[in-house]
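Please examine the structure before reading on.

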Amino acid sequence: MSANRNAVFRNYYQSRQLRKRTNQVVVSLVLMAGSLLFLSPLWWMFVTSVKTMQEVMAYPPTWWPSEVVWSNYVKAWNSAPFTRYTLNTLFISGFVVLGSVLSNSFVAYGFAKIRFRGRDFLFTVVLGTMMLPGFVTLIPQYILFAKLGWLNTYLPLIIPPFTAGAFFIFLNRQFLLSIPNELIEAAKIDGASHFYTWSRLMLPLTKPILATTAIFTFNGSWNDLLGPLLYLNDEKLYTLQIGLSTFKGQVQTQWHYLMAASLLVLLPVVALFFAFQKYFIKGMDLTGGMKG
């Protein structure tokens with residue numbers, strides 16, 4: 001009787017382990033298929049970047065070129081002053097990231113840790129601005145910057161991020177809410193001001209959400225075409241996205257050069273994400289900060 005019971009339990013355990021391994025294999029296959037699906041556009045960009053123009057336009061398309069032309073990258077980069085464009089874009093993105101990280105964290109600290117009359121209502125109004133499309137304010141902003149004499153300068157691209165934005169205020173506030181108020185009270189007892197508490201205490205504790213804000217902001221600024229196209233007229237001030245648009249002609253688009261330059265422009269964004277991936281994942285956990 002005991003031997004039969006042990007055999008039943010053993011069979012049940014083995015079947016359960018088999019189902020578990022089968023589920024793991026199925027999940028892994030689904031994830032691999034999904035990864036291949038999402039990576040296929042990137043692969044197509046790479047394949048196109050090393051083709052000749054004749055093979056790019058050939059039908060049916062090929063998933064690997066008959067002749068790999070690595071010189072497309074050099075020719076694409078040298079076809080326009082992309083080094084200058086890169087420095088311009090880095091300059092703009094650096095200030096945009098700095099302004100966005102500091103301003104959004106500072107405003108979020110006020111909404112999360114400072115009690116004042118009308119705080120919740122004001123925060124609701126700030127969130128309500130997210131429903132306002134950016135194109136609605138495009139013309140008023142242009143008129144304002146024109147009257148300030150900021151056209152054909154980097155100021156219209158750099159100054160607005162220093163005024164914070166609703167989405168990043170929300171993310172930072174939710175992360176700050178997870179930090180115990182006892183830390184704020186202890187700093188207040190020691191005579192610390194709110195600015196000192198935010199700069200010396202809150203900023204180090206909120207590195208994950210600051211990294212998340214920086215990644216999103218850098219990606220948006222690095223890939224911004226509309227802003228530079230609207231406000232910059234001097235070619236010496238152009239950014240990478242305007243440079244990429246030079247490959248698109250009225251008659252024909254140089255797809256092999258466009259894909260080669262696009263991949264080179266994409267590399268800093270990918271490198272930044274992998275460098276701060278750990279902080280990014282923590283920052284997107286809105287229950288965040290101080291656990292355990």
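At what angle do α4 and α11 pack, and how far apart are their axes?

**Exercise 1. Describe the packing of α4 against α11.**

Solution. The model is a predicted one.
Step 1. The angle is about 145°, and the axes of α4 and α11 are 9 Å apart.
Step 2. The handedness of the crossing of α4 and α11 is right-handed.
Step 3. On the α4 side, the residues that meet α11 include Thr86, Leu90, Val97 and Asn104. On the α11 side, the partners include Leu210, Ala214, Phe218 and Trp222.
Step 4. Sorted by class, the contact of α4 with α11 holds 9 nonpolar and 9 polar residues, and no charged ones.

**Exercise 2. Determine how α4 crosses α10, and identify the residues that make the contact.**

Solution. 
Step 1. The two axes come within 11 Å, with a crossing angle of roughly 115°.
Step 2. The crossing of α4 and α10 is right-handed.
Step 3. From α4, the contact draws on Leu102, Ser105, Phe106 and Tyr109. From α10, it draws on His194, Phe195, Thr197, Trp198, Met202 and Leu203.
Step 4. The contact of α4 with α10 comprises 7 nonpolar and 3 polar residues, with no charged residue.

**Exercise 3. Classify the orientation of α4 relative to α5, and state the handedness of their crossing.**

Solution. 
Step 1. Helix α4 spans residues 82-113 and helix α5 spans residues 119-128; they pack at about 140°, their axes being 9 Å apart.
Step 2. Because of this angle, α4 is oblique to α5.
Step 3. The crossing of α4 past α5 is left-handed.
Step 4. Gly110, Phe111 and Ala112 of α4 meet Arg119, Leu122, Phe123 and Val126 of α5. These residues divide into 5 nonpolar, 1 polar and 1 charged.

**Exercise 4. Are Val107 and Asn181 buried, partly exposed or exposed?**

Solution. 
Step 1. Buried requires under 20% relative accessible area and exposed requires over 50%.
Step 2. Val107, in helix α4, has 29% relative accessibility and therefore counts as partly exposed.
Step 3. Asn181, placed in helix α9 (residues 181-189), has 40% relative accessibility and so also counts as partly exposed.
Step 4. Beyond residues up to four places away in sequence, Val107 touches Ala164 and Ile169. The C-alpha atoms of Val107 and Gly165 are separated by 9.3 Å, although these residues are 58 residues apart along the chain.
Step 5. Asn181 and Lys113 are 68 residues apart in sequence, and their C-alpha atoms are 7.3 Å apart in space.

Terms used
Residues numbered from 1 in each chain as written. Predicted model: local features only at pLDDT ≥ 70, side-chain atom pairs only at ≥ 80, totals over all residues. Heavy atoms only, no water. Axes fitted to C-alpha atoms, helices over the stretch in contact; angles between N-to-C directions. Helix = DSSP H or I, 4+ residues; strand = E, 2+ residues; numbered from the N terminus. Parallel < 35°, antiparallel > 145°, perpendicular 65-115°, else oblique. Left-handed = near helix turned anticlockwise from the far one by under 90°. Contact = heavy atoms within 4.5 Å. Nonpolar A, V, L, I, M, F, W, Y, C, P; charged D, E, K, R; others polar. Buried < 20%, exposed > 50% of the residue type's maximum accessible area, 1.4 Å probe, protein only.
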